[in-house]
Amino acid sequence: METRIVFHIDFDYFYAQCEEARSPELKTKPVCVCVFSDRGGDSGAIATANYTARKYGVKSGIPIAFAKKRLEERKDAVFLPVDFEYYTEMSEKAMEVMKKDVDVFEYVGRDEAYLDVTKRVEGDFIKASHLAQQIKNSIRDKIKLSCSVGISQNKLISKIASNYQKPDGLTIVTPEKVEEFLEQLKIRTIPGIGGKTEKIFLEMKIETIQDLKKLDVFTLNNKFGRKSGTYMYNAARGIDNEPVKEKEGRVQYSKIMTLKKDSKDYSFLSESIKELCVEVHDVIKKNNQMFKSVGIHFVQSDLSNKSKSRMLKNPTADLQELQKNAETLLVEALENQTITIRRLGVKVAELSEIKGQRDITNYF
Ligand code: DGT
Ligand code: CA
Ligand code: CA
């Protein structure tokens with residue numbers, strides 16, 4: 001098999017960097033993006049923080065109150081609520097830039113993607129590094145975002161490499177350098193090896209990938225099961241044959257209808273919303289998908305548009321959940337509504353597959 005060239009691109013401190021992009025005065029300050037819970041006050045967690053805030057020990061997942069404590073001396077620290085719609089919009093724009101002229105584009109999430117560029121760069125790692133630099137520059141110029149890129153012969157090594165130098169990194173691991181690159185790294189850098197697995201290994205005095213390579217596949221399979229054991233055995237050797245699979249990021253589905261009459265009456269509109277939800281739900285059910293975002297859309301009698309959406313706590317495939325949320329949005333949208341509505345739509349977004357989407361990181 002010919003040597004592939006695969007990029008993994010990951011945006012740096014993504015939500016926080018999006019906030020900096022629209023408010024450049026934030027750049028010099030510690031910026032924390034927060035998911036405030038419904039309990040009010042400071043209850044909730046940090047989604048991410050910029051590198052200035054990270055210097056004070058602020059990171060994803062910690063309570064907002066802890067972050068405030070850690071940043072006590074920084075009177076200029078900023079705590080912002082998440083704005084998923086805006087991050088999605090930034091993500092879509094950036095993905096458009098990197099999608100151009102690659103052989104295969106695989107969307108992974110709002111802030112990361114794999115690109116297969118083998119043909120595009122004629123299998124040449126030097127050309128590949130120029131292309132990566134070009135993509136980085138365009139994303140910076142057009143979208144005002146920095147990202148880190150890993151380049152290698154497969155998805156696994158590229159993912160490890162993109163995380164190797166951050167922010168604004170570009171790490172190239174040519175086939176001859178794979179062993180040397182991997183062996184020095186902590187086992188934790190292997191996607192899927194988290195705190196729990198790391199602890200088991202540390203008890204066995206296994207700290208680096210070089211140490212991990214001393215274990216044979218039988219020992220690993222015995223300890224972690226065949227699937228995880230084999231994955232780790234291969235990962236330590238940089239072996240990964242998963243192809244980059246064509247996958248678009250803009251995964252959403254919507255249905256829109258023209259009403260029998262123009263109206264702004266809740267009970268009339270609510271009936272149509274329910275029907276639209278059933279139609280949308282039928283499609284996602286058929287595709288075996290869940291949604292995490294629900295939206296509604298009006299085309300008003302003067303042909304102007306209005307839309308509203310909300311992010312759910314958890315992905316779901318439930319029709320009642322969809323209808324309940326769409327109706328809540330309808331109530332909100334009809335507040336102070338003066339003009340009548342001509343067309344009505346329902347949208348679900350942030351779609352994901354119901355059953356275990358296979359990915360290098362979910363062997364555990
Ligand atoms: P990086 O890549 O280390 O420079 O920083 P991020 O923030 O881009 O980290 P990454 O790539 O792991 O995650 C991408 C986005 O996903 C991040 O900006 C916010 C969100 N995220 C990550 N971890 C958490 C978490 O624990 N809770 C919540 N609510 N969101 C998270
Ligand atoms: Ca990131
Ligand atoms: Ca990421």
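Donors are N, O and S atoms within 2.8 Å of the metal (3.2 Å for Na, K and Ca); water is not among the atoms, so sites may look incomplete. This is a predicted model, in which local features need pLDDT of at least 70, side-chain atom pairs count only at pLDDT 80 or more, and totals for chains, interfaces and linings use all residues. Residues are numbered from 1 along each chain as its sequence is written, ligands are numbered from 1 and chains lettered from A in the order in which they are written, and side-chain values use heavy atoms, with hydrogens and water left out.

Distant parts of the chain are linked by a pair 102 residues apart: Asp 10 in strand 1 (residues 6-11) and Glu 112 in strand 6 (residues 112-116). Helices (H or I, at least four residues) and strands (E, at least two) are DSSP runs, numbered from the N terminus. Asp 10 also bridges the calcium ion (ligand 3) and the calcium ion (ligand 2), which lie 3.6 Å apart. Both Asp 10 and Glu 112 are buried, that is, under 20% relative accessible area, whereas exposed means over 50% (1.4 Å probe, protein chains only).

Polar contacts, pairs of N or O atoms within 3.5 Å, are tabulated here.

| Residue and atom | Atom of ligand 1 | Distance |
|---|---|---|
| Phe 11, backbone N or O | oxygen | 3.3 Å |
| Phe 14, backbone N or O | oxygen | 2.9 Å |
| Ser 60, side-chain N or O | nitrogen | 3.5 Å |

On its own, ligand 1 has 600 Å² of accessible area, of which the protein covers 66% (Shrake-Rupley method, 1.4 Å probe).

**Helix 11**

In helix 11 (residues 226-236), Ser 228, Gly 229, Tyr 231, Met 232, Ala 235 and Ala 236 are buried. These residues fall within an arc of 160 degrees seen down the helix axis, so they line one face of helix 11; the arc is that of the directions from the axis to the C-beta atoms. Arg 226 and Lys 227, on the other side, are exposed. The buried residues pack against helix 6 (155-162), helix 7 (178-183), helix 8 (195-203), helix 9 (209-212) and helix 10 (217-224), with contact meaning heavy atoms within 4.5 Å. Just after helix 11, Gly 238 has a positive phi of about 70 degrees.

Definitions and conventions: Polar contact = N/O pair within 3.5 Å; in protein donor to acceptor, adjacent residues only side chain to side chain.
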